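Reader: I would like to go through this model feature by feature. For each one, give me the idea and then the case.

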Amino acid sequence: MNTLWIVVIAVAVIYSAYNFYARRVDRNVIRSDAKKATPARMYMDGVDFMPTSKNVLYGYHFKSIAAAGPIVGVITAANIWGWLPSLLWLVVGVSLIGWASDYSAIMVSVRNDGNSLSAISHKLIAPRTRTILFVFIFFYLMLLAGAFVGILAAILSARPDVPFGIIMLALMGLLAGQMMYRWKMGIISVTAIVVLITLAAMALGPMGQHKNEQGALVQGPVGGAVAAVNGAIDNLNGKRALFNVADPTAADPRIPVPGPDGKRPSTAAYDAATGLVRTLPNYLLWMVFLFVFSYLGANLPIWRFAQPVNYIGFWVMLITIVLSAIGALAAPLTGAKDLAGNAIGAFALAPVKGLGFAIDAGKAWQPLWPMLFVTIACGAISGWHALVGSVGTARQLEYETDGLPVGAGSMFGEYTLALLSLVAVSIAGVGGGGARFAAGVGKLIYAGTFGALPEVFGTALGFGAFVMIVLTVTQLVFRVMRVTLTEWVGEAVPAVRNMHVSSIISMVLTLALVLTGTWVYLWQMFGSSNQLMAALSLLVVTVWLKSENRNPTYALVPMLFMYITTLFATVVTARNLYVTIAANPKMSGLPVAGAWAMIVVAALLVIAALFIGWDGLKAYQRYSAKPAATKPASVGA
């Protein structure tokens with residue numbers, strides 16, 4: 001297998017699924033109508049409701065849904081089961097389930113005045129369903145926010161060459177909003193200015209990097225300045241660790257890659273003797289930066305920051321994907337080799353590494369079903385997409401007919417990102433998560449530019465793109481969290497209706513979650529809760545279609561599969577946490593407390609999902625018993 005065939009598969013799947021299946025559902029089941037007024041046009045307030053060009057909205061939605069899931073999840077799955085099972089699930093998932101979930105969540109919200117899925121469930125299913133769904137969504141979002149903030153803070157702490165580009169992204173986002181909506185500048189000129197400046201800032205970060213005579217990496221001017229700031233912050237307490245955490249996955253960016261001898265060296269943030277990650281004070285600095293960034297995205301008018309930031313991030317990601325795709329096409333044809341002399345286009349990873357159904361006492365159980373379908377949490381289907389689509393994208397849709405290219409089109413776009421990650425893990429070397437993604441992207445960009453861009457620069461662009469992908473989604477996680485919290489307890493606690501209060505509460509809870517040191521264990525629950533959220537959103541869509549006397553099959557069948565799969569996967573994940581950490585005599589203290597906390601959260605999510613599923617079944621039966629509407633007889637019949 002080589003990279004060329006992945007490109008061929010990607011093009012064939014996107015073309016056939018979009019044109020022969022998605023368009024048919026849009027035309028015959030949803031029946032989108034460009035003449036119908038959308039919530040964005042009816043309730044325009046410039047904050048949440050804002051009619052937006054489908055071209056801009058596509059970029060916004062794509063960057064709202066594309067985060068760490070299609071990168072980290074795909075890389076993890078390929079390493080556990082091989083590239084072939086991962087590829088098959090991506091192809092089948094996006095073709096039959098993923099686009100349908102994204103597009104349907106947007107259209108259900110549009111047809112219900114831009115209401116969230118929880119508000120729609122109150123109307124369609126039962127009042128208690130809304131309350132239970134609020135609980136589920138808020139805990140799910142806390143898992144998501146805690147995992148993303150923890151990962152990003154670790155990356156910014158460990159990689160001094162990355163923060164400058166992210167700081168410029170924030171500034172360019174503010175500038176782009178002003179240029180487009182206040183100065184009324186053309187979108188082409190705005191795009192050229194802000195995207196080029198952001199890319200230049202990303203390039204300046206690693207510029208001047210080199211290794212000294214001892215082989216240690218020496219930062220350039222920009223990276224060196226960031227490293228100096230980190231050092232000054234760490235010196236405030238004598239460079240003592242605030243707390244230590246264990247990462248059994250070794251995917252934490254602060255953990256160095258193994259050396260030539262196969263052993264990981266000790267660093268300021270990693271103790272090789274104990275395997276513990278030392279959390280230094282500069283980690284808190286970058287957490288504060290992330291909260292400020294996210295606060296702007298959650299509370300400023302959407303056109304002022306969140307939308308333009310995501311638009312810029314879309315272009316950075318698009319450039320990365322296009323250059324990598326060219327590399328995937330060119331590498332097998334040109335025989336391009338990396339710096340180590342290895343062929344770039346050939347897959348080094350085994351197609352199938354095992355099915356994982358055998359159970360070993362004391363070890364994590366990773367059966368292909370159901371764990372593959374939740375490990376790849378995005379790229380095939382994702383509950384986060386449905387959430388952000390219903391409370392964000394649906395409120396910006398200018399015409400109903402824009403729903404398919406924006407919703408389904410963005411899902412297929414994320415599918416290409418997942419395939420890029422699969423290619424990266426199959427051809428790249430060491431590292432986990434973002435590091436392996438960046439290494440693979442570096443090789444592909446080197447091949448795609450026919451050597452014009454050095455591999456080291458392509459790797460830096462891949463790492464920067466990874467951070468940008470996750471960060472632009474994180475700001476929207478907090479936006480959805482404050483909306484969810486307001487709808488959940490706003491009537492009982494009026495102060496929470498204030499967007500600033502609800503945002504601060506969400507961030508304080510996330511801060512407490514990350515500072516417990518349990519975020520690496522939270523990540524293990526993210527995939528299951530995310531896919532379970534997708535199943536519940538499809539449940540709402542199914543009930544709505546039945547209430548409208550429309551054929552719900554395209555949503556009903558995927559909903560049943562994902563519902564059963566993710567309930568079982570959540571139980572398996574809780575079992576793994578118990579066996580490998582909670583009941584492991586070698587573990588104690590914080591890791592054990594974190595594992596028990598995740599087991600409790602898993603139980604809460606399963607119980608909430610069972611209640612929602614039961615209420616959904618009764619609502620479906622209620623609408624099934626309702627007589628179908630009959631068409632009036634024509635005159636003269």
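**Reading the model**

Author: Helices (H or I, at least four residues) and strands (E, at least two) are DSSP runs numbered from the N terminus. The model is predicted: local features need pLDDT of at least 70, side-chain atom pairs count only at pLDDT 80 or more, and totals for chains, interfaces and linings use all residues. Residues are numbered from 1 along each chain as its sequence is written, and side-chain values use heavy atoms, with hydrogens and water left out.

Reader: Which residues form the nonpolar patch on the surface?

Author: A patch takes residues with over 30% relative accessible area and no salt bridge; like charges are joined within 9 Å, and nonpolar side chains (Val, Leu, Ile, Met, Phe, Trp, Tyr) within 5 Å. Areas come from the Shrake-Rupley method with a 1.4 Å probe, and for residues only the protein chains shown count as cover. Here the members are Leu-84, Leu-88, Val-352, Leu-355, Phe-357, Trp-369, Phe-561, Ile-564 and Phe-568, with about 790 Å² of accessible area together. H20 gives the most, three residues, and Leu-88 is in helix H5.

Reader: Which residues of the largest nonpolar core touch the most other members?

Author: In soluble globular proteins, nonpolar side chains tend to be buried together. A nonpolar core is a set of buried Ala, Val, Leu, Ile, Met, Phe, Trp, Tyr and Cys residues joined through side-chain atoms within 4.5 Å. Buried means under 20% relative accessible area, exposed over 50%, and partly exposed in between (1.4 Å probe, protein chains only). In the largest core, of 201 residues, Trp-99, Leu-141 and Trp-384 touch the most other members. Helix H7 (residues 127–158) supplies the largest share of this core, 20 residues. Apart from it lies another core of five residues, including Phe-243 and Val-277.

Reader: How many salt bridges are there?

Author: Side chains of opposite charge can pair when their charged atoms come close. The rule is a side-chain nitrogen of Lys or Arg within 4 Å of a carboxyl oxygen of Asp or Glu, and the count is four. One of them joins Glu-400 and Arg-111 (2.8 Å, N to O). Glu-400 is in the loop between helix H14 (383–391) and helix H15 (403–427), and Arg-111 in the loop between H5 and H6, 289 residues apart. Glu-400 is buried, at 2% relative accessible area.

Another joins Asp-615 and Arg-128 (2.9 Å, N to O). Asp-615 lies in helix H21 (residues 590–625) and Arg-128 in helix H7, so this bridge ties together parts 487 residues apart in sequence. Asp-615 is buried, with a relative accessible area of 4%, whereas Arg-128 is partly exposed at 38%.

Reader: Where is the cis peptide bond, and which residue has a phi near 60°?

Author: Most residues other than glycine have a negative phi, and most peptide bonds are trans. The bond from Trp-369 to Pro-370 is cis, with omega near 10°; Pro-370 lies in helix H13 (residues 368–375). Lys-239 has the positive phi near 60°. Lys-239 sits in the loop between helix H10 (221–234) and strand E3 (243–246), and is partly exposed at 47% relative accessible area. Phe-450 also has a positive phi, about 55°. Phe-450 belongs to the loop between H16 and H17 and is exposed, at 62% relative accessibility.
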